[in-house]
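Trainee: Could you take me through one part of this model slowly? I would like a close look at the aromatic rings and what surrounds them.

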Amino acid sequence: MITKQRTGITTGWLIFMLVINILSALLYLFKQDLVANDFHNGIPAFMLFLLAILSIINILFIVLVFKWIKKGVWGLIVTNILAVVINIYNGLGIGQSLLGLLGIVVLLLILQIKKNNHSNWSNLT
C-alpha cells in the first residue's frame, strides 16, 4: 500500500483557504456593515447569513480534502459557484465576483503537482 503524501504547497494552500473561510464567516456574521459597503445597493442581512453558511460549509469541505476525500473538492466548487451567483445577484461586479473562483482554480492546479510520482488529485478518493 502506498502512503499518501501531500505536497507542502497543497498543505499550505488548504490552510490558507481554511483561514480565509473562517475569517469570511466571521465577517459575514459580525461585520455586516463593512461587507455591505462592497455592494452598490447594499445586501440583505439574510444573504450575508447565507454567505456565512457557505463559508462554514467550505470549512467542512476543506477538512474533507485534508482527509483525501475528493467530494470535498467538488463541494468547494459548488459552494464557490453559489457564492458567485449570490454576489452577482446582489450587485457585486462580475469581475470581483469571479475572483471568488480564483482560489478553487489555484487548488485544482496545485492538486496536479506530483510527489513520489503521484499527484495529490490521484491520491483523493
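**A close look at the aromatic rings**

Mentor: Start with Trp-13 and Phe-16. Both lie in helix α1 (residues 8–30), three residues apart, about one turn of the helix. Helices here are DSSP runs of H or I with at least four residues, strands are runs of E with at least two, and both are numbered from the N terminus. The model is predicted: local features need pLDDT of at least 70, side-chain atom pairs count only at pLDDT 80 or more, and totals for chains, interfaces and linings use all residues. Residues are numbered from 1 along each chain as its sequence is written, and side-chain values use heavy atoms, with hydrogens and water left out.

Now count the ring pairs. The structure holds two aromatic pairs. In the pair of Trp-13 and Phe-16, the ring centres are 5.1 Å apart and the planes stand at 35°, so this pair is tilted. The cut-offs are simple. Rings of Phe, Tyr and Trp (its six-membered ring) pair if their centres lie within 6.5 Å; planes under 30 degrees apart are stacked, over 60 edge-to-face, and the rest tilted. Phe-16 is partly exposed, because its relative accessibility is 42%. Buried means under 20% relative accessible area, exposed means over 50%, and partly exposed is in between (1.4 Å probe, protein chains only).

The rings of Trp-74 and Trp-121 have centres 5.8 Å apart and planes at 85°, so they are edge-to-face. Trp-74 belongs to helix α4 and Trp-121 to helix α7 (residues 120–123), so the pair ties together parts 47 residues apart in sequence. Trp-74 is partly exposed, with a relative accessible area of 48%.

Next, Trp-68. This residue is found in the loop between α3 (45–66) and α4 (71–89). The charged end of Arg-6 sits over the ring of Trp-68, 4.5 Å from its centre. That label needs NZ of Lys or CZ of Arg within 6 Å of the ring centre and within 35 degrees of the ring normal. Trp-68 counts as buried, because its relative accessibility is 13%. Look at its backbone too. Phi of Trp-68 is near 70°, a positive value in a residue other than glycine. Most residues other than glycine have a negative phi.

Asn-117 also has a positive phi, near 65°. Asn-117 lies in the loop between β1 (114–115) and β2 (118–119). Asn-117 is exposed, with a relative accessible area of 70%.

A nonpolar surface patch of about 1,000 Å² includes Phe-30 and Phe-49 among its residues. Patch residues have over 30% relative accessible area and no salt bridge; like charges are joined within 9 Å, and nonpolar side chains (Val, Leu, Ile, Met, Phe, Trp, Tyr) within 5 Å. A salt bridge puts a side-chain nitrogen of Lys or Arg within 4 Å of a carboxyl oxygen of Asp or Glu. Accessible areas come from the Shrake-Rupley method with a 1.4 Å probe; for residues, only the protein chains shown count as cover. Helix α1 gives the most to the patch, with seven residues. Both α1 and α3 supply at least two residues each.

Helix α3 also holds Asn-58. Asn-58 is buried, with a relative accessible area of 6%. Leaving aside neighbours within four places in sequence, Asn-58 is in contact (heavy atoms within 4.5 Å) with Asn-21, Leu-76, Thr-79 and Asn-80.
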